[in-house]
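Dear colleague,

Please find the structure below, followed by an account of what was found in it.

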Amino acid sequence: MSGVRKTIAVLPGDGIGPEVTHAAVQILEDCAKSFEHKFEFRELAFGGAAIEKFGSPLPAETLAGCRSADAILLGAIGGPQWDGLALDKRPEAGLLGLRKALGLYINLRPIRLRPALSGISPLRRERIDDCDFEIVRELAGDIYFGEHSQTGEGSNARARDVAEYSAAEIERVARYAFERAAGRNRRVASVDKANVLATSALWRQTVTRIARDYPEVTLEHLYVDNAAMQLLLRPAQFDVILTGNLFGDILSDEAAALSGSIGLIPSLSRGGDGQPALYEPIHGSAPSLAGKDVACPLGAIFSAVLLLRESFGLRLKRSGLKRQWIACWITDSAPLISRRPAGACCAALNSQSTFARNCTTRWFIRSVTAGEFKGSLTFCAAPGSWQSCRVALASFP
Ligand code: IPM
Ligand code: MG
């Protein structure tokens, strides 16, 4: 089999971004080696790190490097040291600028609740069973990209953020959501606040109109407040959730929490066909965890998996062969993530563990593929958001 030859722009960013990106790049390197692909990684400064080095969160060279790559892998951006900067100078402005410049108007966030992880979900098992849905968030419009201003001082100060949508912006993302749903369980839940907002009223009219082109897909509309509640009450009812930029930002964090941790969820941001897409875990830069080797890299690794699948069309096979274990893992397939068998040994992946000391996913995979691990592994014991996060990876008989 001859492999593919691709360039990947890597934007490690800030906080835990560089660590989790490093883990994901190692997975991609292993994948390239095992399946004879050639991936060229181009590391580029972005976010706070780029502010420090070049005085801008999105230097021209970074933008050019992203434009010319086949795909982009991003870690995370932001940190308290840049909180005092004006909105348009902060690391987040770099991310918004990149989304705008590359025309990334679709953001896909797959939410899968793995049975093995039901223990870390805040919901009872019977509520999260069979939960597997996708959030399609519009990413290039809405209140994010309208004018932002603040005038006056003290109690005379006023601020304004303009929310705007055109029908064309809604149509293109709606089509993507209907197409995703057509390939899944054929249900779209469109989320808006059409009882209050003009942008949402247009959203609802437009989505209803587009739905006529997809008669095989059932459409329902939910107000965002109700959607937030339904996600907690009956998350398994959803197949594809379609929503605007701001609501999508909020609901996707809520949905991610159902899976046990926001650190497990990847995302894809894309524009039209043929443009480079951007992949990133949806978690933030978690400054309090940075540099301690305790951040779980799975969100970034699953983002790399999405990249292989969506941008390079690689669907790696599973088979009984040992080296195929790697493929199993990178394709995020269920067999490797199952219930911890009774009596299995358990390695804590914290800063004291061999995993952290060796600190490479490559080492982890080698150990697993060499059969050294006969049990489940646990990511835990880290301060901060990972405290209670246990990721059980299955045993290898
Ligand atoms: C996300 C993030 C970003 C957003 C921030 C970092 C600008 O929260 O991708 O969800 O609000 O879109
Ligand atoms: Mg967010």
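Helices α8 and α9 are roughly parallel to each other (angles under 35 degrees count as such), because their axes meet at an angle of about 10° in this predicted model. The axes of α8 (residues 224-233) and α9 (residues 245-258) lie 10 Å apart; they are lines fitted to C-alpha atoms over the stretch in contact, and angles run from 0 to 180 degrees between N-to-C directions. Helices (H or I, at least four residues) and strands (E, at least two) are DSSP runs, numbered from the N terminus.

From α8, Val224, Ala227, Ala228 and Leu231 meet Phe247, Leu251, Glu254, Ala255 and Leu258 of α9, contact requiring C-beta atoms, placed from the backbone, within 7 Å. Eight of these residues are nonpolar, none polar and one charged.

The open sheet has 10 strands in the order β2-β1-β3-β12-β11-β4-β5-β10-β8-β9, with mixed pairing; strands pair if DSSP finds at least two bridges between them. At its edges are β2 (38-43) and β9 (218-223). Strand β3 (residues 71-76) pairs with β12 (residues 277-281) in the parallel sense over three bridges, and Ala71 stands opposite Ala277 in β12. Helix α10 (residues 298-311) lies across β3, β11 (266-270) and β12, at about 155° to β12.

Around ligand 1 are Gly78, Glu92, Leu95, Asp249 and Ile282 (C-beta atom, placed from the backbone, within 6 Å).

Residues are numbered from 1 along each chain as its sequence is written, while chains are lettered from A and ligands numbered from 1 in the order in which they are written. As the model is predicted, local features need pLDDT of at least 70 and side-chain atom pairs count only at pLDDT 80 or more, whereas totals for chains, interfaces and linings use all residues.

Conventions
Parallel < 35°, antiparallel > 145°, perpendicular 65-115°, else oblique. Contact = placed C-beta atoms within 7 Å. Nonpolar A, V, L, I, M, F, W, Y, C, P; charged D, E, K, R; others polar.
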